[in-house]
Amino acid sequence: GFDPLFCSFCLLSLSATVDDVSRLTLCMPGSLEGLRALSPAEEYLRIVASAAARGLAPPDKTVLITGASGYLGQHLIAHLARTFPTWRLAAAYGGLDTFAEDFGAVCACVQLDLTDGAAVTALVSEVKPDVVLHLAAISSPAVCERDPARARAVNECPALLAAVPAHACFVFLSTDQVYDGLAAPYTETSAADPVNVYGQSKLSLERALTAALPSRSVCLRSSLILGPPTPGRCRKGSFLQFCAERLSAGTATDFFSDEVRSVVWVGDIVSILASLARDGVSPQSAGVFNMGGPERVTRVEVAEAVAAQGGYDAPQLIRPVARSSLPPAARAVASPPDISMDSTKLRSLTGHPATRLAEMVAGAAAAAGASPF
């Protein structure tokens, strides 16, 4: 369910010590011109050495998070830093220049190109993670279709899998788009037959991971993630923020009425990831799991829920459109129509309850302080 403290990253910032601020400055891109040529592994070592020089205690667990600057990554880091202050968080991110400035006080921020196999290998070797939480991906199906080779290089990332230490567990954020959308609701025993490059690349890593680390890896097939704004600056919010922005501006908008998902609350995912990081992965908990919410909804229904929460005129502003009715030119990428899932297996394993759409919308508005989100 909704945790009112979930987005209290501001409390971390307000409670930062002088040493934390020093670490923040050291992590800022361009703050020291001489550091620009450092490799990701060297940058990580510099941050760790700085912490040691200030007398910070060695961590009791080291967690490597990829895709740390993304929507889920930011929420996850804020939660882990608050909940497990004795852990060392190594946050690998792509090109978001503001990330290290926003999060450098609570984690070691390292910019990393996942297509650079040597850099990935060197970083993992220096971090020596106990847990890898692999969130990074090119997650836009349209972008993946435009450059399939790069999408596969980033999303499959063989160097990361090969570099995982023998003692470490690996948790991978996969996608509901491994399913073809023709036989919902899906269980983990349903056939995986993705219809686009994005889903294909995710399924490829799933299979490589389960073959290489069958007893210490978890693949989480996530649905569309909804939640409040990120604690730091981010390129893209969740679909709730998009809906609220359009509705609050009074802009009539088309929403698909014929694509069905089991939308999932970001706080639920963070709780699951934190539990797996804390407890590790055993042969009993390893495997592939669907990770969706308890309801089957369309984007029209999500937009209507946001309109109801904010008091907007849904009939005037929400225009239902069937994606299947669009001309082929307007459908740049194949999209599975109904990839709703049964996530009972994961809920039975973790014991985490699933948040319903109405709670998600209310929770996002509460976390933001007011509507719009």
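Predicted model: local features only at pLDDT ≥ 70, side-chain atom pairs only at ≥ 80, totals over all residues.
Colleague: How many aromatic pairs does a search of the whole structure find?

Modeller: The search of the whole structure turns up seven aromatic pairs. One of them is formed by Phe 239 and Phe 242, whose rings are stacked, at 5.8 Å centre to centre and with 20° between the planes.

Colleague: How are Phe 239 and Phe 242 placed in helix α11?

Modeller: Helix α11 covers residues 239–248, and because Phe 239 and Phe 242 are three residues apart in that helix, about one helical turn separates them. Phe 239 is buried, with a relative accessible area of 11%, whereas Phe 242 counts as partly exposed at 36% relative accessibility.

Colleague: And Phe 239 with Phe 255, what sort of pair is that?

Modeller: Phe 239 and Phe 255 form an edge-to-face pair, with 6.0 Å centre to centre and 80° between the planes. This pair links distant parts of the chain, since Phe 239 lies in helix α11 and Phe 255 in strand β8 (residues 253–256), 16 residues apart. Both Phe 239 and Phe 255 are buried.

Colleague: Stepping back, how many helices and strands does the chain have?

Modeller: There are 16 helices and 13 strands in the chain, and of its 373 residues, 50% are buried. Among the contacts between residues at least 6 apart in sequence, 81% join residues at least 24 apart.

Colleague: Let's turn to helix packing. At what angle do α3 and α6 pack?

Modeller: Helix α3 (residues 40–53) and helix α6 (residues 117–127) pack at about 25°, with their axes 7 Å apart. Angles under 35 degrees count as roughly parallel, so α3 is roughly parallel to α6. The crossing of α3 and α6 is right-handed.

Colleague: Which residues make that contact?

Modeller: From α3 the contact takes in Pro 40, Ala 41, Tyr 44 and Leu 45, and from α6 it takes in Ala 119, Ala 122, Leu 123, Glu 126 and Val 127. Sorted by class, the contact of α3 with α6 has eight nonpolar residues, no polar ones and one charged.

Colleague: What about α8 and α10, how do their axes cross?

Modeller: The axes of helix α8 (residues 148–156) and helix α10 (residues 197–212) come within 9 Å and cross at roughly 35°, and the crossing is right-handed. On the α8 side the contact is made by Pro 148, Ala 151, Arg 152, Asn 155 and Glu 156, and on the α10 side by Val 197, Tyr 198, Gln 200, Ser 201, Ser 204 and Leu 205. The residues of the contact of α8 with α10 divide into five nonpolar, four polar and two charged.

Colleague: And α13 with α16, how far apart are the axes?

Modeller: Helix α13 (residues 299–310) and helix α16 (residues 357–368) have their axes 10 Å apart and pack at an angle of about 50°, and α13 and α16 are therefore oblique to each other. Here α13 passes α16 in a right-handed crossing.

Colleague: Now Ala 334, where does that residue sit?

Modeller: Ala 334 is in the loop between β13 (318–321) and α15 (344–350), and at 39% relative accessibility this residue counts as partly exposed. Leaving aside neighbours within four places in sequence, Ala 334 is in contact with Val 195 and Asn 196. Ala 334 and Val 197 are 137 residues apart in sequence, yet 9.1 Å apart in space, C-alpha to C-alpha.

Colleague: Last topic, backbone geometry. Which residues does the cis peptide bond join?

Modeller: The cis peptide bond joins Ala 184 and Pro 185, with omega at about -5°, and Pro 185 lies in the loop between β5 (169–175) and α10. For background, most residues other than glycine have a negative phi, and most peptide bonds are trans.

Colleague: Is Lys 128, with its positive phi, buried or exposed?

Modeller: Lys 128, whose phi is near 50°, is exposed, with a relative accessible area of 51%, and lies in the loop between α6 and β4 (131–134). Cys 157 also has a positive phi, near 35°, but this residue, in the loop between α8 and α9 (158–163), is buried, with a relative accessible area of 3%.

Definitions and conventions. Residues numbered from 1 in each chain as written. Heavy atoms only, no water. Axes fitted to C-alpha atoms, helices over the stretch in contact; angles between N-to-C directions. Helix = DSSP H or I, 4+ residues; strand = E, 2+ residues; numbered from the N terminus. Parallel < 35°, antiparallel > 145°, perpendicular 65-115°, else oblique. Left-handed = near helix turned anticlockwise from the far one by under 90°. Contact = heavy atoms within 4.5 Å. Nonpolar A, V, L, I, M, F, W, Y, C, P; charged D, E, K, R; others polar. Phe/Tyr/Trp six-rings, centres within 6.5 Å; stacked < 30°, edge-to-face > 60°. Buried < 20%, exposed > 50% of the residue type's maximum accessible area, 1.4 Å probe, protein only.
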